[in-house]
Amino acid sequence: YEISCSLVGSEMCIRDRFYTSYYHTMINPSVYMDVDGKYRGLDHNIHQAKGFTNYTIFSLWDTYRAEHPLLMLMKPNEATDMVKSMIKHQQQSVHGLLPVWSHMANDNWCMSGYHSTSVLTDAITKGADVNKEEALKAMVVTSNVSYYDGIGDYIKLGYVPFDVNGTAASTTLEYAYDDWTIYKTALNMGYEEVASQYRKRALNYHHIFDKELGFARPRYKDGSFKKEFDALQTYGEGFIEGNSWNFSFHVPHDVFGMMKCMGGEKEFLRKLDELFGMHLPEVYYKDNEDITADCLIGGYVHGNEPSHHIPYLYAWTSQPWKTQYWVREIMNKMYKNHIRGLGGNDDCGQMSAWYIFTAMGFYPVCPGTDEYVLGAPYLPYIKLNLTNGKTLEIKAPGVSDKKRYVKSVLLNGKPYTRMYINHGDILNGGTLEFVMSTSPDKKRGLAKSDKPYSLTDGE
């Protein structure tokens, strides 16, 4: 196996869940071409894949979060070919759009955002051998197709207005993150003017935060916020497959800035704690196929993708140990060994990729950076066999439901204080060891220099 774990006795069922999850992450995306490299493109003409394998089944609203980063880590050659396939898709598109939901020679146009930009940027940041000029051009063109899902108004107003788009608030949040990924690539390539333009767009999330309420809230063209707003409701409040309580945390590229919009760290922590601890009445998700009672922990929706990074946001605060508590709760409650073993739709590997990353003890909160935010391993031992010939052993001796807290971390025998690990550190191989404890270390990971990436410091 590319990833191996060792367990004994009654813990064997955990191993079953681990390898089942890894299997799920390797089903899609799928090869889409004949043995001679020919395939039917988005323009329905026959194309020849030269120097790459063509792929399809890009459920990007789901999979940009963890599935594609996991493939970039464990299957970098295939992941690079997926990026090349996305660029070809854009070049064949009459709209000039990167794939939204690529399905053979079609685009399903399912869900919102232009999250191919995230996958391209993540690959480029992590050293994939792709044509950066083509990639950046594809991203910029995609982000300026004015008639696609409110982009024209978004560019003009700085947000998608609710009077023209029923999911205006969540779409604005998604565009802002996607624009940050374009900023990151332009910055990487030394295109300062483009980077400056998209950095400004990456901060557009500010425009839909109601500072008094401390939540994202849809706005109309005239600048006014939607009245009679219910932050718990998943229907008719400006969000797609979610509510403001979950979606307001969707600013992975600028967590300190988001924290300020919510009223500062104290209020940010209060909201995180309340999200996990509340009871969400059924009226807020009744008849919603994507949100059911068995995919909830409090008001946190693990069964649908917009919330997947939320447990890791404690890493930016003065209470990072709470991530260690909640990720284990989620692993225990949302993944089982039976036919209804997932607390939601796996969505082409995303639910399972979350499991694999979290089992290893880290998660890509903001794809496009080279950082994985640390939580705590679920298993005592995992070994990654990397494609560069090196191995990374992840050790957490004695880890359990009781011994779930991280006392200290050692990277290749040396104390490691950061709340994240870099992609390069993983590729260098060696040993990442977590010293576990039954009680949280409330002094660890508090230094500003140990915090993960944020576009701004909140000022």
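The model is predicted, so local features need pLDDT of at least 70 and side-chain atom pairs count only at pLDDT 80 or more, while totals for chains, interfaces and linings use all residues. Residues are numbered from 1 along each chain as its sequence is written, and side-chain values use heavy atoms, with hydrogens and water left out.

The structure holds 27 aromatic pairs. Rings of Phe, Tyr and Trp (its six-membered ring) pair if their centres lie within 6.5 Å; planes under 30 degrees apart count as stacked, over 60 as edge-to-face and the rest as tilted. Tyr154 and Tyr175 make an edge-to-face pair, with 5.1 Å centre to centre and 70 degrees between the planes. Tyr154 lies in helix 7 (residues 151–157) and Tyr175 in helix 8 (residues 168–189), so this pair ties together parts 21 residues apart in sequence. Helices here are DSSP runs (H or I, at least four residues), numbered from the N terminus. Both Tyr154 and Tyr175 are buried, meaning under 20% relative accessible area with a 1.4 Å probe, protein chains only.

Phe276 and Trp326, by contrast, are stacked, at 4.7 Å centre to centre and 15 degrees between the planes. Phe276 sits in helix 12 (residues 265–277) and Trp326 in helix 13 (residues 321–334), 50 residues apart. Phe276 is buried at 3% relative accessible area, and Trp326 is buried at 15%.

Ring pairs also build a cluster, with Tyr312, Trp354 and Phe362 among its members.

Conventions
Helices (H or I, at least four residues) and strands (E, at least two) are DSSP runs, numbered from the N terminus. Buried means under 20% relative accessible area, exposed over 50%, partly exposed in between (1.4 Å probe, protein chains only).
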